Each structure stands twice: as C-alpha cells, then as structure tokens.
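Keep the structure open as you read.

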Amino acid sequence: MTVSPRHARLLRQATAAALATALLLAGAKAVAWWLSGSVSLLAGLTDSLLDGAASLLNLIAVHYSLRPADDDHRYGHGKAEALAGLAQAMFVGASAVLVALQAWDRLHHPEPLGAAALGIAVMLLSLALTVALLLFQRHVVRVTGSTAIRADSLHYRSDLLLNGGILLALVLTAFGWQQLDAVFGLGIAAYILWSAIGIVREAVAVLMDEELTPDIAERMQALTRAVPGVLGVHDLRTRVSGTRWFVQLHLELPGELSLREAHQRCEEVAKAIRAEFPRTEVLVHADPVT
C-alpha cells in the first residue's frame with residue numbers, strides 16, 4: 001500500500017518549510033549575535049544551524065520513506081522516518097551541550113551586550129516564523145501521522161520556548177541584568193536536552209514495533225465484532241512504520257462457511273477498520289469455530 005499523493009505532497013512541503021525556516025533564522029541570528037555578543041543569541045544560532053542540518057536529514061529521510069514497497073522492503077520504507085528522528089535527537093542533544101558550555105563560561109566571565117534592539121527584533125521574527133511553521137506541521141501530523149514530522153515539530157516547539165527565553169533575556173539584559181543572559185542560556189540548554197530525550201523515546205518505540213495505544217486496539221476489535229457473521233476476534237497485533245499502521249488479527253467465523261464466504265467476511269472487517277483508520281493496512285486470518 002503506497003502513501004496517498006496528498007500525504008506525500010504535505011510531507012515534502014513540511015520538510016522543505018522546516019529547512020527554509022531554519023536557514024533563514026540562522027542567518028538573521030548570526031548577524032545579531034555578531035553585533036551583540038549575546039550568549040543567548042549564540043544559543044539560538046547554534047540551535048538554528050543544527051535545526052537546519054536535522055531538517056535537511058529529515059527531508060532526505062521522508063523522501064526515502066515515501067518510496068513504495070519493493071521486493072526487499074515488503075512493508076515499505078517508513079522506518080526511515082524513525083531513523084531520522086534518532087539523528088535529529090543527536091543534533092538537538094549536541095546543541096544543548098554547546099549552549100550549556102558557552103552559557104557556563106559567560107556566567108563566570110560576564111560581558112556587556114551590544115545591539116540589543118537588533119537582537120530583540122530578530123527574536124520577534126524567529127517567534128513569528130516558528131509559530132507559523134508549527135501550525136503547518138501540526139496540520140501535516142494530524143493528516144499523515146508522520147513520525148519524522150512529529151519529531152521535527154517537537155524540537156521546533158522547544159525552539160519556540162528557546163526563542164521566547166532569548167527574547168526575555170535580551171530585554172532584561174538591556175535593563176542591566178547582565179548575568180541573566182547566561183542563566184537563561186543554561187535553562188534553555190536543559191530544556192533542549194529534555195526534548196532530545198523525548199524524540200529518542202518516540203523513534204525507538206517505532207523501531208521496536210511498539211503497539212498502538214490500547215484505546216485504538218479496543219476500537220478496532222469493536223469494529224471487527226460489529227461485522228455481521230463475526231463470532232469473535234483475538235490475537236490482534238499492531239505496529240507503526242512511517243505514516244502507515246500495520247494490523248494483524250485472527251477472525252473467528254462459523255466453521256460451516258465456504259471459503260468464498262469466509263474471505264468475504266475478512267474483506268468486510270478490513271474495510272471497516274480502514275474506513276475509520278485510513279492509514280491502516282489490515283491482514284486478517286480466519287479461524288473456524290465449530
């Protein structure tokens with residue numbers, strides 16, 4: 001089963017938008033940091049550069065994951081998204097360490113900031129662009145369920161907090177609270193690291209074939225039992241690969257049914273599940289009950 005053209009288009013648009021946003025913000029923050037010397041702005045610049053690298057990797061991974069199933073990958077290439085999520089976590093974690101080291105040094109060796117107004121303007125631009133990107137990513141995740149876009153969205157949500165913290169630090173520093181710039185840098189680094197851990201957890205869950213949530217499994221069983229002629233269902237198994245859900249289940253049917261009738265019931269069950277969960281590929285095994 002291939003990804004629908006609409007889903008593929010949304011995934012490509014989301015990855016391209018993330019990469020463009022990261023590069024634009026990195027350029028603006030680089031100019032502001034060079035003129036101001038703010039460690040908070042350096043934190044933002046470092047994060048944006050790593051965001052750009054992660055988004056480029058994400059773009060490549062999503063392009064690969066959209067390839068249809070072949071003889072060597074019968075379940076498709078969707079897990080490339082989870083691998084991209086792990087790589088993103090490495091980028092995000094590295095940015096946290098770099099920011100923390102710079103903030104720690106600035107905490108012990110404070111320096112006055114320059115061009116505070118430019119820094120504040122750049123951070124306001126960063127907030128506006130990040131909010132716009134997050135809204136688009138949320139729409140894409142809601143429609144496609146993409147693991148890679150969800151991971152990308154997670155670290156851009158951390159960017160939103162990071163940019164807000166930088167903005168607050170620049171404003172307070174402009175009023176004479178010089179050391180708050182470094183303090184905010186340390187706090188932001190801690191939050192970035194926590195975000196990286198969250199990305200790792202979600203990617204590992206996909207790679208380890210973790211089951212879908214119990215409420216989804218229960219709903220699928222209820223849909224199956226609602227099909228006329230079905231006596232029961234057992235051994236329902238689920239997993240996620242990219243934007244696709246894979247479901248296997250054993251269907252209990254009357255033993256006197258013909259092979260054609262049993263096949264028809266299986267098709268009706270698969271159709272009922274796909275009607276409510278369109279991204280699902282269903283494999284049904286019929287068990288006779290006498």
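Let us start with glutamate 276, which is partly exposed at 36% relative accessibility. This is a predicted model, and in it the side chain of glutamate 276 meets that of arginine 219 in a salt bridge, with 2.9 Å from N to O. The two partners come from distant parts of the chain, 57 residues apart: glutamate 276 sits in helix 8 (residues 259-276) and arginine 219 in helix 7 (residues 214-225). Arginine 219 is partly exposed too, at 37% relative accessibility.

How many salt bridges does a search of the whole structure find? There are two. The other joins aspartate 235 and arginine 237, whose closest N and O atoms are 3.3 Å apart. The table gives the accessibility of each residue in these pairs.

| Residue | Relative accessible area | Class |
|---|---|---|
| Glutamate 276 | 36% | partly exposed |
| Arginine 219 | 37% | partly exposed |
| Aspartate 235 | 34% | partly exposed |
| Arginine 237 | 48% | partly exposed |

Now back to helix 8. Its 18 residues reach 27 Å from the first C-alpha to the last, close to the expected 26 Å. Which residues of helix 8 are buried? They are Ala262, Cys266, Val269, Ala270 and Ile273. These residues lie on the same side of helix 8, because they cover an arc of only 95 degrees around the axis. Their packing partners are helix 7, strand 2 (244-254) and strand 3 (280-289). On the face turned away from that buried side, helix 8 carries Arg260, Lys271 and Ala275, which are exposed.

Conventions
Residues numbered from 1 in each chain as written. Predicted model: local features only at pLDDT ≥ 70, side-chain atom pairs only at ≥ 80, totals over all residues. Heavy atoms only, no water. Salt bridge = Lys/Arg side-chain N within 4 Å of Asp/Glu carboxyl O. Helix = DSSP H or I, 4+ residues; strand = E, 2+ residues; numbered from the N terminus. Buried < 20%, exposed > 50% of the residue type's maximum accessible area, 1.4 Å probe, protein only. Expected span 1.5 Å × (residues − 1). Arc of directions from axis to C-beta. Contact = heavy atoms within 4.5 Å.
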